[in-house]
Amino acid sequence: MIKLTLDVNGKEKTYTVDKVKARVLKRGLEMFAKAEADNGSELELIDGMVDLVVLAFNNPEVTEDTIYDGLYTDEFFTTIQDVVSQIMGGMTVEVEGKGK
């Protein structure tokens, strides 16, 4: 089970997904391959990772906005990397320059 805890209106709310469809994994692999081939920007990679989380959770309450607004800067990279790693079946995901 993959969990994502967000601050929603000042209260912690945890969303879960038991299984992730194979299409989400495919989308993640495409995103990382494109980022590597194009030497894409960190911003494009981060947006792609957030979009992947939205797709995986398939919940109208888990949107790009609720993720960006529901995570604080000190936890954003760690949380997104952890969730995406779980979506991708344990692949290590790193964003250059995190914490800078």
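This is a predicted model: local features need pLDDT of at least 70, side-chain atom pairs count only at pLDDT 80 or more; totals for chains, interfaces and linings use all residues.

Colleague: Which residues gather in a patch of negative charge on the surface?

Modeller: A patch is made of residues with over 30% relative accessible area and no salt bridge, with like charges joined within 9 Å. A salt bridge is a side-chain nitrogen of Lys or Arg within 4 Å of a carboxyl oxygen of Asp or Glu. Here the negative patch consists of Asp51, Glu64, Asp65 and Asp69.

Colleague: Which element gives the largest share of the negative patch?

Modeller: Helices are DSSP runs of H or I with at least four residues, and strands are runs of E with at least two. Helix 3 (residues 64-70) supplies the largest share, 3 residues. Aspartate 69 is in helix 3.

Colleague: Is aspartate 69 buried or exposed?

Modeller: Buried means under 20% relative accessible area and exposed over 50%, with partly exposed in between (1.4 Å probe, protein chains only). Aspartate 69 has 62%, so it is exposed.

Colleague: Which phi does asparagine 9 have?

Modeller: Most residues other than glycine have a negative phi. Asparagine 9 has a positive phi of about 55 degrees, and it lies in the loop between strand 1 (2-8) and strand 2 (11-17).

Colleague: Where does asparagine 58 lie?

Modeller: Asparagine 58 is in the loop between helix 2 (42-57) and helix 3, with a positive phi of about 45 degrees.

Terms used. Residues are numbered from 1 along each chain as its sequence is written. Side-chain values use heavy atoms; hydrogens and water are left out. Patches are made of residues with over 30% relative accessible area and no salt bridge: like charges are joined within 9 Å, nonpolar side chains (Val, Leu, Ile, Met, Phe, Trp, Tyr) within 5 Å. Accessible areas come from the Shrake-Rupley method with a 1.4 Å probe; for residues, only the protein chains shown count as cover. Lys and Arg count as positive and Asp and Glu as negative; His and the chain ends are not counted. The place of a charge is taken as NZ of Lys, CZ of Arg, CG of Asp or CD of Glu.
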